[in-house]
Amino acid sequence: MTEPTSSFAPLRNDTFLRACLGQPTDYTPVWLMRQAGRYLPEYRALRAQAGNFMALATNPALATEATLQPLERFALDAAILFSDILTVPDAMGLGLSFQQGEGPQFARPVRDEAGVAALAIPDMDKLRYVFDAVASIRRALAGRVPLIGFAGSPWTLACYMVEGAASKDYRTIKTLLYARPDLLHRILTINADSVAVYLNAQIDAGAQAVMVFDSWGGVLADGAFQTFSLAYTQRVLQQLKRHGADGKEVPRIVFTKGGGQWLRDMRALDCDVLGVDWTVNLATAREQLSGHDGQRPQSLQGNLDPITLFAPPATVDAEVQRTLAAFGAPEQNAAHSCQHIFNLGHGINQHTPPEHVAAMVEAVHRYSRR
């Protein structure tokens with residue numbers, strides 16, 4: 001049984017959560033997508049100790065250690081659960097494996113009527129290791145910073161489930177989309193309802209914010225994005241718990257890589273934060289999300305190009321300044337306004353020098369405090 005969240009230590013740094021909920025902060029909070037991972041030598045040592053990625057991800061004690069590693073190096077304002085977006089389809093019985101240098105693969109991709117008919121919301125006991133890791137991480141954090149839980153979007157999960165692996169052109173799933181949309185809608189419905197149950201279980205276990213990664217929404221055509229990605233992300237969000245067991249509000253973040261052109265459509269999502277990649281102008285995005293339509297404003301997360309971190313620290317420093325300036329001075333008086341959470345425009349590259357990450361985090365805090 002997962003530990004009740006009421007037993008966790010009180011939060012000492014709530015800057016990230018305040019920014020998510022559109023409340024004023026003393027500085028711009030920062031965390032990184034994939035901040036626990038291959039760019040850290042201590043992570044590579046831990047994965048070698050575990051034997052492989054899945055052995056690491058399914059061991060709550062090792063997943064806790066991986067989650068905390070970047071926080072020992074950098075003054076980050078949030079931790080994110082060490083896991084993978086493909087845990088849900090793995091629990092559906094599709095046979096997930098990670099081949100060295102090749103990424104995730106499914107032994108039994110879903111491509112026909114029989115495969116679709118066999119899909120069902122998985123037994124969450126098969127994902128108990130994730131929820132145990134969430135509780136373990138919360139205990140280990142001891143209130144230092146909030147913990148983010150996450151899942152893949154229904155569309156992004158479907159891409160892997162139908163393609164069977166990562167894809168360059170998404171030909172198999174896009175063919176299904178145009179030739180048999182009925183089958184794809186069935187897959188997406190099951191995925192959405194599975195992700196909602198999964199994220200709610202993470203909230204029950206102690207996640208203080210949750211994020212939906214729509215990593216491949218940007219590969220869709222206009223119109224198809226709204227029908228096959230956005231609608232099902234909204235289906236997830238509408239089922240999520242608003243508060244954790246401690247009664248605190250749990251912010252909801254959505255990130256669509258390549259989705260900047262649909263920010264006005266995403267404005268209608270039932271979420272608190274929209275993440276944007278590096279192709280998006282933050283000033284324009286802020287204007288679109290600032291609540292002029294009578295809706296509560298959403299906050300913005302992003303959007304430094306991850307490859308910036310390969311440049312010398314002085315250049316990283318300048319690019320941090322440029323990104324903060326692009327968003328502009330945050331509002332300090334409004335009860336709810338579009339606030340900024342500094343992040344990369346996608347996950348950190350595995351070859352990134354850790355000392356450049358340290359320079360970035362320090363620069364975000366230093367310049368935003370001014």
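Start by selecting Arg-286 and Phe-327: the charged end of Arg-286 sits over the Phe-327 ring, 4.2 Å from its centre. Keep in mind that you're looking at a predicted model.

Next, pick Arg-366 and Tyr-367. Here Arg-366 lies over the face of Tyr-367, with 4.6 Å to the ring centre.

How many aromatic pairs does a search of the whole structure find? There are 7. Select Tyr-170 and Trp-216 to see one of them: the ring centres are 5.8 Å apart and the planes are at 45 degrees, so this pair is tilted. Tyr-170 is in the loop between α8 (154–163) and α9 (171–179), while Trp-216 is in the loop between β5 (209–214) and α11 (224–239), so the pair ties together parts that are 46 residues apart in sequence. Is Tyr-170 buried or exposed? Its relative accessibility is 7%, so Tyr-170 counts as buried.

Move on to Phe-225 and Trp-262. This aromatic pair is stacked, with 4.1 Å from centre to centre and 5 degrees between the planes. Phe-225 belongs to helix α11 and Trp-262 to the loop between β6 (252–256) and α12 (263–266), so the pair ties together parts 37 residues apart in sequence.

For the last stop, select Tyr-43, Phe-53, Phe-82 and Phe-98 together. Ring pairs link these four into a cluster.

Notes. Residues numbered from 1 in each chain as written. Predicted model: local features only at pLDDT ≥ 70, side-chain atom pairs only at ≥ 80, totals over all residues. Heavy atoms only, no water. Phe/Tyr/Trp six-rings, centres within 6.5 Å; stacked < 30°, edge-to-face > 60°. Helix = DSSP H or I, 4+ residues; strand = E, 2+ residues; numbered from the N terminus. Buried < 20%, exposed > 50% of the residue type's maximum accessible area, 1.4 Å probe, protein only. Lys NZ or Arg CZ within 6 Å of the ring centre and 35° of its normal.
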